[in-house]
Structure formats: structure tokens, C-alpha cells
Amino acid sequence: MNRRQFLVASAATALVPATGRAEAQLRLKAGPVEARILPGSEGTTRMLGFNGSSPGPELRFRQGERAAVSFENGSGQSSAIHWHGIHLDNAMDGVPDLTQPAVRPGGTFRYAFDVPDAGTYWYHAHHRSWEQVSRGLYGPLVVEEPDPPAVDRDITVVLDDWRLDDVGQLHESFGNRHDFSHAGRMGNFARALFSHDTIRHGDRVRLRLINAATARIFSVAVTGGTGRIVAHDGMPLAEPAPLGDLLLAPAQRTDLILDAAGPVSFSLRTRTGSYPLGTLLASGSNSAPVNSPIRPLPPAGAPEPDRNGVAHLTLVMQGGAMGRQHGGSDFWAFNDHSGMPVAPLHRFTRGETALITLRNDTAFAHGIHLHGHHFHEIRRDGVLGHYRDTTLVDRQASRDILCVFDNPGKWLLHCHTLGHQASGMKTWVEVT
Ligand code: C2O
Ligand code: CU
């Protein structure tokens with residue numbers, strides 16, 4: 001551990017908004033950037049980013065709008081962009097070798113898709129993602145409700161950790177086999193990056209938390225106000241839930257609505273203590289605070305699961321350090337197979353409902369992500385729980401999910417600890 005271990009973060013505005021949504025065609029140019037992730041005067045970090053920054057610009061669309069983004073690949077590596085959580089056309093999903101060829105260095109790819117559901121999403125590189133996302137190739141994507149809840153501020157909070165050397169540069173240990181077989185590339189410096197870093201006393205604030213880390217499961221405490229959880233993975237909760245500590249697996253998002261009593265602070269809880277991630281400073285006070293109760297966001301148009309005609313699948317997570325032998329050829333496996341199988345795990349007829357038992361036979365937790373859809377987590381009492389696109393399954397635990405496969409195409413299903421994905425933990429399904 002070096003001195004950089006979880007330094008106190010300064011409150012610098014580090015997220016860049018997209019340049020004018022009026023532009024029908026947005027442009028995302030990947031390339032080297034000098035990123036401002038270190039506190040105040042400690043200098044910059046050489047990373048990859050979009051349009052000159054990492055995280056890349058926050059893209060905002062209105063629900064029902066058509067997103068048109070031209071990706072220009074100046075990253076020096078082949079790449080593609082995945083629009084995590086959006087129920088989009090399969091051809092726009094950004095998965096090399098499954099939905100499109102990788103975009104070569106210097107190449108361009110025009111993405112165009114509808115954004116049917118409001119919520120908090122993100123975009124990230126999906127080629128050698130264990131390296132490219134760690135190098136900074138990602139950004140927030142927000143789809144606004146036509147009639148958003150009344151708040152004074154709408155702030156995106158990107159959670160990430162980076163593995164830095166003593167001079168604040170990325171440690172070049174990408175693809176480290178030890179990381180792959182254990183918990184992934186965990187950083188030694190963690191921070192919350194805000195799209196806006198000041199509020200007023202008494203403001204009602206919407207906070208959109210995104211875990212962009214490739215490996216760290218963020219356990220986060222939010223202090224300085226009272227509020228409610230209103231959405232997970234972009235999808236509104238039927239009833240806003242009380243705000244306790246939050247747990248976000250890689251790629252998961254949580255939206256809060258909070259009434260600020262002063263500065264609002266975020267801290268990371270780990271087994272060894274609590275580390276500051278960042279603070280929204282409070283200056284001035286709101287003379288007309290909103291005091292209506294926090295109401296649910298407008299419900300998403302989730303398809304009704306067919307609880308009778310349900311196909312039942314089991315997906316067993318296997319391998320890793322301290323794990324049992326399995327039939328796969330790499331560190332990790334699903335059902336005794338490592339990496340992309342030639343045939344899909346399952347072919348669904350469009351609209352079919354499936355119950356999938358995710359069983360974790362390993363010594364690590366895994367956040368499992370399905371592309372192109374959300375699914376219901378089934379609670380222990382059998383009731384439909386949260387509607388998510390990524391679900392965290394604890395080590396040696398099991399979780400059932402119920403999914404209506406209504407989006408045609410070839411969809412990846414993988415662990416979002418990106419080193420696990422790279423060393424075996426992925427498969428795909430097909431909807432026809
Ligand atoms: Cu967020 Cu397949 O990824
Ligand atoms: Cu995993």
C-alpha cells in the first residue's frame with residue numbers, strides 16, 4: 001500500500017456535460033487524455049477518454065428520443081461502445097464479434113438507437129474492457145423523464161477506483177493473472193466524481209450513482225441529508241426505499257432523492273474502515289425548499305412476466321482462486337464452459353419468460369449483467385424484487401431472476417468484474 005491509498009478527495013467538478021443536445025449527431029472521440037482524478041493540485045493522470053476527458057461527457061437524452069452518436073476511435077486500439085442497460089436494437093449493442101466488428105484504430109462507427117426507458121445508464125468500451133474501461137473509456141448516459149420529479153439539482157456521481165503508482169499514473173498491470181483469478185483489478189485510490197459539486201442548504205437533490213469500477217463492489221454511505229432510493233439500474237422502485245448504506249456491484253446504478261441539510265458526503269466502507277470519496281459543498285441556503293414527500297418516479301413500461309409458461313435455466317458460476325475444479329478451460333466458467341460458446345446458452349422465442357437460477361459456487365461475489373433487457377430479482381419470499389440489468393450474487397449464494405426476453409438478437413450475459421469476464425465468465429443467449 002502506498003501513501004495514495006484512499007486519499008481524501010477534493011471537491012472538484014470532474015464530469016463534463018455533453019455539448020448541446022440540440023446537435024442531432026453527437027460525437028464521441030476516444031483518445032489519450034490527461035484526466036483529473038487526483039485531488040486538487042496533484043496533477044493529471046494519463047488515461048484514455050472521450051472528447052478529452054475521462055469519464056467521457058455525460059450524454060443526456062429525452063425518453064423516446066433517438067440517440068445518434070458517431071464513435072471515432074482514436075484510442076490506438078480496436079474498440080466498440082456498449083450502451084449499458086438500454087433496451088436497444090441488437091446491432092447497436094457494441095459487442096465485437098457478436099453484434100458488430102470491432103472498430104479499428106482510426107475507424108468510425110455510427111450508433112443510432114431509441115432510448116425507450118428513462119433512467120441512469122452509462123456507456124463503456126466493450127473490447128478488452130478489462131483494460132479499456134480501467135484506462136477510462138466510459139461515461140454517464142442519462143435518459144430524462146418527460147415529466148421529471150421536482151428537484152433543485154440533478155447530479156451524477158461516478159464511483160470508481162484506480163490503481164495508481166507513486167506518481168499518480170495508472171499502474172500498467174493490466175491483464176494480471178492474479179487479478180483475473182481473484183477479485184479483479186482493485187484500485188488503491190477511490191473517488192466519487194460529480195457532474196456538479198455545489199448545492200445549497202435545503203436543496204432537494206437527485207443523485208445518480210454509477211459504479212464504473214471494473215472490480216470493486218462499492219459499499220457507500222451518504223451523509224448530510226435525508227432521502228430515499230428511487231431507482232436501481234435506471235428502473236424506478238414502486239415505492240421509494242429508505243436510504244441506508246448502498247451496495248453497488250460493478251456497472252450497477254442507484255438513484256437517490258435527498259433533501260440536503262448541509263454538505264453531502266460520500267464514503268466508502270471497507271473491512272478496514274471508512275474512506276472519504278467526495279463531498280458536495282453547501283453554499284447559501286434555499287429559501288423555498290421542496291417539502292412534499294418523495295414520490296415514486298413514473299413507472300417503467302416493464303413487460304408482464306408470464307408466470308405459467310416459464311422456461312427454467314440454471315447458470316452455475318465456477319472457478320477462481322480457492323474454487324473447485326470445473327470443466328472449463330480458463331479460470332472461470334459458467335456451467336463447465338469458459339468463454340463464448342459457439343451455440344447460445346439458450347434460444348428464446350420473443351416474449352418468452354424465463355426463470356434463471358444463478359448459483360455461485362465460487363469464493364467471490366459476482367455482478368452478473370444481461371444485455372438488452374432488465375429482469376426481476378426474485379426475493380427469498382418468492383415476491384418479485386428489483387428490476388435490474390445487473391445482479392450481485394454473493395459467494396456461495398444463489399439468486400433467481402425472472403426475465404421476459406422480448407428484445408430480438410444475440411445478447412451477452414457476463415460477470416461485470418471485467419477480469420472475470422475476460423477469463424471465462426461469459427456466455428450469450430439468442431432471442432428470435
Ligand atoms: Cu456493461 Cu457487457 O457490459
Ligand atoms: Cu465475477
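**Entry 1**

I began with Ile 378, which stands opposite Leu 384 in β24. The model I am reading is a predicted one. I then looked up how β23 and β24 are paired: three bridges join strand β23 (residues 375–378) to β24, and the two run antiparallel. The hairpin that β23 and β24 form has five residues between the strands. Within this hairpin I noted Gly 382, which takes a positive phi near 90 degrees.

I next turned to the pairing of β23 with β26. Strand β26 covers residues 398–405 and is joined to β23 by two bridges, with the strands antiparallel. For Glu 377, I found the bridge partner Ile 401 in β26.

**Entry 2. The sheet around this hairpin**

In what order do the strands of the open sheet of six strands stand? I recorded the order β19-β18-β21-β26-β23-β24, with mixed pairing. At the edges stand β19 (332–334) and β24 (384–388); each has a single partner strand, so one side of each is left without a neighbour in the sheet. From one strand to the next, the twist averages 25 degrees.

I also looked up the pairing of β18 and β21. Strand β18 (residues 310–319) and strand β21 (residues 352–360) run parallel and are joined by eight bridges. Leu 315 has Leu 358 as its bridge partner in β21.

**Entry 3. The copper ion**

Which residues coordinate the copper ion (ligand 2)? I found His 366 through ND1, Cys 415 through SG and His 420 through ND1, at 2.0 to 2.1 Å. The spacing of these donor residues in sequence is H-x48-C-x4-H.

**Entry 4. Salt bridges**

I noted for reference that side chains of opposite charge can pair when their charged atoms come close. How many salt bridges does the structure hold? The count is 27.

I then took Asp 161 and Arg 216, whose side chains meet in a salt bridge at 2.8 Å, N to O. Here too distant parts of the chain are linked: Asp 161 belongs to strand β9, while Arg 216 is in the loop between β12 (204–211) and β13 (218–232), 55 residues apart. Asp 161 counts as buried at 7% relative accessibility. Arg 216 is likewise buried, with a relative accessible area of 8%.

My last pair was Asp 255 and Arg 208, with a salt bridge of 3.5 Å, N to O. Asp 255 lies in strand β16 (residues 253–270) and Arg 208 in strand β12, so the pair ties together parts that are 47 residues apart in sequence. Both Asp 255 and Arg 208 are buried. I also found these two residues in a network of salt bridges, which links Glu 58, Arg 60, Arg 62, Glu 144, Glu 145, Asp 154, Arg 206, Arg 208 and Asp 255.

**Entry 5. Asn 188**

I located Asn 188 in the loop between α2 and β10 (189–194). Asn 188 counts as buried, at 13% relative accessibility. What does the side chain of Asn 188 reach? I found the backbone nitrogen of Leu 164, at 2.9 Å.

**Entry 6. Leu 28**

Finally, I looked up Leu 28, which is found in strand β1 (residues 26–35). Leu 28 is buried, and its relative accessible area is 0%. With neighbours within four places in sequence left aside, Leu 28 is in contact with Phe 50, Asn 51, Pro 57, Leu 59, Val 69, Ser 70, Phe 71, Glu 72, Ile 81, Trp 83 and Tyr 123. I also recorded a separation of 40 Å between the C-alpha atoms of Leu 28 and Ala 397, which are 369 residues apart along the chain.

Methods: Residues are numbered from 1 along each chain as its sequence is written. Chains are lettered from A and ligands numbered from 1 in the order in which they are written. This is a predicted model: local features need pLDDT of at least 70, side-chain atom pairs count only at pLDDT 80 or more; totals for chains, interfaces and linings use all residues. Side-chain values use heavy atoms; hydrogens and water are left out. Donors are N, O and S atoms within 2.8 Å of the metal (3.2 Å for Na, K and Ca); water is not among the atoms, so sites may look incomplete. A salt bridge is a side-chain nitrogen of Lys or Arg within 4 Å of a carboxyl oxygen of Asp or Glu. Helices (H or I, at least four residues) and strands (E, at least two) are DSSP runs, numbered from the N terminus. Buried means under 20% relative accessible area, exposed over 50%, partly exposed in between (1.4 Å probe, protein chains only). Two strands pair if DSSP finds at least two bridges between them. Axes are lines fitted to C-alpha atoms, for helices over the stretch in contact, and angles run from 0 to 180 degrees between N-to-C directions. A polar contact is a pair of N or O atoms within 3.5 Å; within protein, one must be able to donate a hydrogen and the other to accept it, and residues adjacent in sequence count only if both atoms are side-chain atoms. Contact means heavy atoms within 4.5 Å.
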